[in-house]
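Please go through these notes with the model open.

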Amino acid sequence: MAAKTLTPKPGAHFRIALPPLSGRLRPRLITVCAALAAATFLVVAWAVSMGDFPITFTEALRAVVGVGDPGTLLIVQELRLPRAVVGLLVGFAFGLSGAIFQTMTRNALASPDMIGFTQGAGTAVVAGIVFGWTSTLSTQALGLLGTFVMAALVYVLAWRRGTTGYRIILVGIGLQWMATSATDYLVARGMQFQAHAALGWLTGNLNGRDWSQALPLALTMAVLVPAALALGRLTRTLQLGDDVAVGLGTRVQVVRLALLVTGVGLVAFGTAAGGPIAFVALAAPQIAQRLAGTAWPPPLAAGLTGALFVTGSDLAAARLFPMELPVGIVTGVLGAPILLWLLIRANRAGSGG
Amino acid sequence: MMTPELQAGGLQLAYDQRVVVDDLDVKVPPGRITAIVGANACGKSTLLRALARLLAPRRGAVELDGRALHSIPTRELARRLGILPQGPTAPEGLTVLDLVTRGRSPHQTWWRQWSQADESAVHGALAATGITDLAGRAVDELSGGQRQRAWIAMAVAQGTPVLLLDEPTTYLDLAHQIDVLDLIHDLNRNEGRTIVMVLHDLNQACRYADHVIAMKGGRIVAEGDPADVITAENVAEVFDLRCQVTTDPVSGTPLVIPMGRHHTSQRQPR
């Protein structure tokens, strides 16, 4: 058994050494992640057990693993669980993707819903609805296509002897408005029922999600989440600027492209499954950063914050209001005050937020 | 510490179509402090960037111990050659300890993220730069001089035999400029690191450098011992500035007294 040494450090972390393994532990970050995971679990369990047909907490958990009467099994496994799982995965994907882009560009505004990626998905899906392509191409496929095309455009147009975070943001904002205008035009020229369907998708909605939305997203995330967490180590130098990062031995363009592909994959499959749920990718990493007290958006905590954010908002959207609302309306209403409160509190404390 | 050979031959450096440095040969004296001086836009920072592989030469090559920089894997190179660019910025709220810790990146792997060697190098760098007490503070809250010390500490923790610094004293007041230059002197004399820095102030270059490279229009006009390089003739050529060169009463090195069009009480021959 190797000796374990824990040395308290002024930067609020511990050194852990189990030769040849070594690393640093940040107690506050670990606590925040554990609390977020526990809260998300409770929200999902609550969402699965509550509804028009009440099921007890224990019954619901038993039904999740396939034990119970057929009626309960149907409601839990086919109706409530897929919706909760899609919410959980979409939230995690958006939060993690936001953290990747904000870290890569060193800018909190550079979340995928600010630099055009989700708007690209929106334009593609609305075009599909208005032009009647949805019989041959699923909404999911259109959403994926729209995001990937948009991401490729941003990357190519931002390229000038390599990319910089700043150029990606400016080009992305330009393309975001072009996509938004195109979507508005399509909605305006579409029939009334088409426009209604388009707007329903554009708000971000988890109502009626089934396993066919959850499965592709889950498979993609099984690959992309570990990749994103592994790349997180390399972003520690990227945060200091490109020149410093190169000097510290980071292959900046390769790492940035890998981050871009991972982040785009997460947001593309997330948007395809749940629609462009507003504000999550922007706010979740910033909320996680303030909860964990780090100087950068911590990837795992950002994903967990996103998951809690979306599942919690969907629960509120379905239960708190007289009529069921799309989750995309609630995320903005709930998320903005939380972020503002954290920012104001940080400024008063003098740590600059 | 070994004595690394950093040199370049037939170097052509360009940004897009604009050639900044053409057919330049340079050899950095190992284990010494070299200062590159020259007027604005003379190519001195461009040369430093090429020596640090931040800019790929269009022609010619930079070599470290006989190997072309572009043929050395960037992580391996980062264990042998460090670069502190001009005016680096840290994320808001990043602590000094976190910043200095990142200097160890080229020595870390997926499984060995924080070894005993990393820890001692970071503590050593904090002590050498005199900022151990500031370890828990945010970099953006420090004064300019303290902040520059923190960045130098990051480069020191990297533990490279060669350290390149692009205008390390810019934006600092005079006291902090001297403070940082003294620190660089200590790193050279105590740890034997080869140091190359771009400096604006000729008098500071004369005091602190063992070897001065004077550049103009992308060429090296003169190089060598400060006493041989910093003469009235060379300053007139490199900076288009008339001056008198006397002896620094404190250090005994050359002291440049510039002469403009005004405030020259003694008449000078034209």
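1. Start with a helix pair in chain A. From helix 1 of chain A, A:Leu29, A:Val32, A:Cys33, A:Leu36, A:Ala37, A:Ala39, A:Thr40, A:Val43, A:Val44, A:Trp46 and A:Ala47 meet a set in helix 12 of chain A that includes A:Leu300, A:Leu304, A:Leu308, A:Gly312 and A:Leu315. Contact means C-beta atoms, placed from the backbone, within 7 Å. The residues of this contact divide into 16 nonpolar, 4 polar and no charged. Ala, Val, Leu, Ile, Met, Phe, Trp, Tyr, Cys and Pro count as nonpolar, Asp, Glu, Lys and Arg as charged, and the others, Gly among them, as polar.

2. A word on the basis. This is a predicted model: local features need pLDDT of at least 70, side-chain atom pairs count only at pLDDT 80 or more, and totals for chains, interfaces and linings use all residues. Residues are numbered from 1 along each chain as its sequence is written, with chains lettered from A and ligands numbered from 1 in the order in which they are written.

3. Now the geometry of that pair. The axes of helix 1 (residues 27–49) and helix 12 (residues 299–319) of chain A come within 9 Å and cross at roughly 25°. Axes are lines fitted to C-alpha atoms, for helices over the stretch in contact, and angles run from 0 to 180 degrees between N-to-C directions. The two helices of chain A are therefore roughly parallel (angles under 35 degrees). Helices (H or I, at least four residues) and strands (E, at least two) are DSSP runs, numbered from the N terminus.

4. UniProt, in an unreviewed entry, lists residues 140–159 and 214–234 of chain A among its "transmembrane region" spans. Residues 140–159 of chain A are 90% helix, with end C-alpha atoms 29 Å apart. Residues 214–234 of chain A are 100% helix, with end C-alpha atoms 30 Å apart.

5. Chain B has an open sheet of 6 strands in the order 6-7-8-3-9-10, with mixed pairing. Strand 6 (81–84) and strand 10 (219–224) of chain B are the edges. Strands pair if DSSP finds at least two bridges between them. B:Val37 has B:Ala214 as its bridge partner.

6. Which chains meet? 27 residues of chain A are in contact with 33 residues of chain B. Helix 8 (211–238) of chain A is one of the elements supplying at least two residues to that side of chain A.

Definitions and conventions
UniProt positions are given in the numbering used here, feature names are shortened, and annotations may be inferred rather than shown by experiment. Angles under 35 degrees count as roughly parallel, over 145 as roughly antiparallel, 65 to 115 as roughly perpendicular and the rest as oblique. Two residues are in contact if their C-beta atoms, placed from the backbone, lie within 7 Å.
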